[in-house]
Amino acid sequence: APPPLPIWVRCPETHGITFRIQISVKELLDTDVLLKLLFHLPVNYPSTLPDISVNSDQLTRAQCMDVKDKLLEQAKKHLSEPMVHDLILWIQQHLKYVIKQSATVCKEKTALSKGTSTEDGIWMLFLHLDHMRAKAKYVKTVEKWASDLRLTGRLMFMGKIILILLQGDRSNIKEYLILQKTSKVDVDSSGKKCKEKTISVLCETKVQSQHKRYNLTFEVKEYSTLDELQKEFETAGLTTLFSEFVPPLLKLKENTGPFDQSSS
């Protein structure tokens, strides 16, 4: 029998509960592989599949994505019944084969991924951050997540307004949200690392025909005026999105005191 698994459980929230689990898989490519798994269980789990995030220092990002895809495939077989323990046992037994298959059917997987993207379409996520204390580190982290998850878009600064606009596959959008909400990405007033607690999801929707895609780039941009920021949205065919969310945020910020966004 496998040794007991170290499990960290976050306190329940209105949107569900999150498990952080680390497992060591033996004898894969003559080395031990430490898998860091994150299961986010929605409030109606197990009738709804969990969101899963996979990370490992010994695997590439593409391999981690393949492991995640295989776990989700297995999860569908256990729908409406508790599944986390079964999924952990399954990946312990099959990780070697998942990695080998990842290397040998790369082209087929790419074609399948494109087919899925076509079916689900491209999704868009619009976020508002109240502040960044460790700005330089925070920005680098967001850039890395966007790159790893093949998301395009903008991290936008305009005065006290901080916005993140992302486009990509829906599953990658969801994984980004998990990372954003569960990682220690900023610091608190005492300089201690902390999770993001002030993020607001303004909009999460399928990209429509009138919306323009950002051409395979994620950029960090600063705007000196509201007109410059508005032009960014207009160029992307997102005038309605701007009108609905940005002016109210600006009014809210005008009614609050300044906040230090400089790096610690």
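Predicted model: local features only at pLDDT ≥ 70, side-chain atom pairs only at ≥ 80, totals over all residues.
Reader: What does the secondary structure of the protein chain come to?

Author: The chain holds seven helices and 11 strands. Of its 264 residues, 44% are buried. Among contacts between residues at least 6 apart in sequence, 65% join residues at least 24 apart.

Reader: Why is A146 called buried?

Author: Buried means under 20% relative accessible area. A146 has 1% relative accessibility, and therefore counts as buried. This residue is found in helix α4. Leaving aside neighbours within four places in sequence, A146 is in contact with L151 and F218. The C-alpha atoms of A146 and E219 lie 9.8 Å apart in space, although the two residues are 73 apart in sequence.

Reader: Why is R150 called exposed?

Author: The term exposed requires a relative accessible area over 50%. R150 has 51%, and is therefore exposed. S80, found in the loop between α1 and α2, also counts as exposed, because its relative accessibility is 54%. S80 is not a glycine, yet has a positive phi of about 75°.

Reader: What makes K184 exposed rather than buried?

Author: The relative accessible area of K184 is 52%, so this residue is exposed by the cut-off of over 50%. K184 is found in the loop between α5 and β8. Apart from neighbours within four places in sequence, K184 is in contact with K137, K193, C194 and K195. The C-alpha atoms of K184 and E196 are separated by 7.0 Å, and these residues are 12 apart along the chain.

Reader: Why is α1 called roughly perpendicular to α5?

Author: The axes of α1 and α5 come within 13 Å and cross at roughly 100°. Angles of 65 to 115 degrees count as roughly perpendicular, and α1 is therefore roughly perpendicular to α5. By class, their contact has one nonpolar, two polar and three charged residues. R61, M65 and K68 in α1 meet S171, N172 and E175 in α5.

Reader: How does the reach of α5 compare with the expected value?

Author: Helix α5 has 13 residues and reaches 19 Å from its first C-alpha to its last, close to the 18 Å expected. Among the buried residues of α5 are I173, Y176, L177, I178 and L179.

Reader: How many disulfides are counted, and by what rule?

Author: A disulfide is a covalent bond between the sulfur atoms of two cysteines. The rule asks for a pair of cysteine sulfur atoms within 2.5 Å, and the count comes to zero disulfides.

Reader: Which peptide bond is cis, and what is its omega?

Author: The bond joining Y45 and P46 is cis, with omega about 5°. Most peptide bonds are trans. P46 is found in the loop between β3 and β4.

Definitions and conventions: Residues numbered from 1 in each chain as written. Heavy atoms only, no water. Helix = DSSP H or I, 4+ residues; strand = E, 2+ residues; numbered from the N terminus. Expected span 1.5 Å × (residues − 1). Buried < 20%, exposed > 50% of the residue type's maximum accessible area, 1.4 Å probe, protein only. Axes fitted to C-alpha atoms, helices over the stretch in contact; angles between N-to-C directions. Parallel < 35°, antiparallel > 145°, perpendicular 65-115°, else oblique. Contact = heavy atoms within 4.5 Å. Nonpolar A, V, L, I, M, F, W, Y, C, P; charged D, E, K, R; others polar.
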